[in-house]
Amino acid sequence: MKKEILSWQEFEVVAGVGLRQCFSSWKKGSRDAHGFKSYSFFDHTIISLGAEFAVAKSLNKFWAGSYDEYKKLSDVGRNIEVRYTLSSPPKLILRPNSDETMKQRHFFLVTSNFKSGEPPCYYIHGHIKGEDGMKDKYLTDLGHADRPKCWAIPISELNANF
């Protein structure tokens, strides 16, 4: 696991992109396809984008900070997707609506102990190639029979070399 702390300047950039993403989604009437209910900007969008920025910073890769490009561009660089989670124990979640491109991308699992008023601190647990994570042994409904099944890969199965 690698720890990455963002400066206030870095997080200000992230927050700006997050707000634009939220307003764009509201304008289009977009809803989460997997049943997630967000309670505020900070519990999902902005902190999740911070996780993307933290991975980019850690790997010394480009973070475009794009929005309205769902699945067209990778989160980081050309081939990296970032999955931020609040679940305990953390698991990397992959969704069945992923196409062939997603099978070739590398997915990173990130958590945070975000506290308002403190520099954002992220923990990068590891990564897995999409096709290696989309195996029957990881398929689950996570105890939510009303939500679509997904692949949930435990930290112990992730590659910690990055």
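Tutor: Let's start with a term: two strands count as paired if DSSP finds at least two bridges between them. Keep in mind that what you see here is a predicted model.

Student: Okay, which strand does S3 run antiparallel to, and how many bridges join them?

Tutor: In general, strands of a sheet pair through backbone hydrogen bonds, in either a parallel or an antiparallel way. Here S3 is joined to strand S7, residues 150-154, by four bridges, and the two run antiparallel. To see one link, find Ile-93: its bridge partner in S7 is Ala-152.

Student: What is the order of the strands in that open sheet?

Tutor: The order is S3-S7-S6, three strands with antiparallel pairing. Strand S3 (91-94) and strand S6 (139-140) each have a single partner strand, so one side of each has no neighbour in the sheet.

Student: Zooming out, how many helices and strands does the protein have?

Tutor: Four helices and seven strands. Going along the sequence, the pattern reads β-α-α-β-β-α-β-β-α-β-β.

Student: And what share of the residues count as buried?

Tutor: A residue is called buried when its relative accessible area is under 20%. In this protein of 162 residues, that applies to 41%.

Student: Which residues of the largest nonpolar core touch the most other members?

Tutor: The core has 22 residues, and the ones to look for are Val-14, Val-55, Trp-63, Val-76, Val-82, Val-110 and Tyr-122. The largest share, eight residues, comes from H2. Another core lies apart from it, with 11 residues, among them Met-102 and Phe-107.

Student: What does Val-76 touch, not counting residues up to four places away in sequence?

Tutor: Its contacts are Glu-52, Val-55, Ala-56, Lys-61, Phe-62, Trp-63 and Val-82.

Student: Now the rings. How many aromatic pairs are there?

Tutor: Ring centres within 6.5 Å make a pair, and the count here comes to four aromatic pairs. Take Phe-11 and Phe-114: their centres are 5.6 Å apart and their planes stand at 40°, so that pair is tilted. Phe-11 lies in helix H1 and Phe-114 in the loop between S4 and S5, so the pair ties together parts 103 residues apart in sequence. Phe-11 is buried, at 11% relative accessible area, whereas Phe-114 is partly exposed, at 25%.

Student: And at what angle are the planes of Phe-53 and Trp-63?

Tutor: Planes over 60 degrees apart count as edge-to-face. The rings of Phe-53 and Trp-63 have planes at 75° and centres 5.4 Å apart, so this pair is edge-to-face. Phe-53 is in helix H2, and Trp-63 is in the loop between H2 and S2. Phe-53 is buried at 16% relative accessibility, and Trp-63 is buried with a relative accessible area of 11%.

Definitions and conventions. Residues numbered from 1 in each chain as written. Predicted model: local features only at pLDDT ≥ 70, side-chain atom pairs only at ≥ 80, totals over all residues. Heavy atoms only, no water. Buried < 20%, exposed > 50% of the residue type's maximum accessible area, 1.4 Å probe, protein only. Core = buried A, V, L, I, M, F, W, Y, C linked by side-chain atoms within 4.5 Å. Contact = heavy atoms within 4.5 Å. Phe/Tyr/Trp six-rings, centres within 6.5 Å; stacked < 30°, edge-to-face > 60°.
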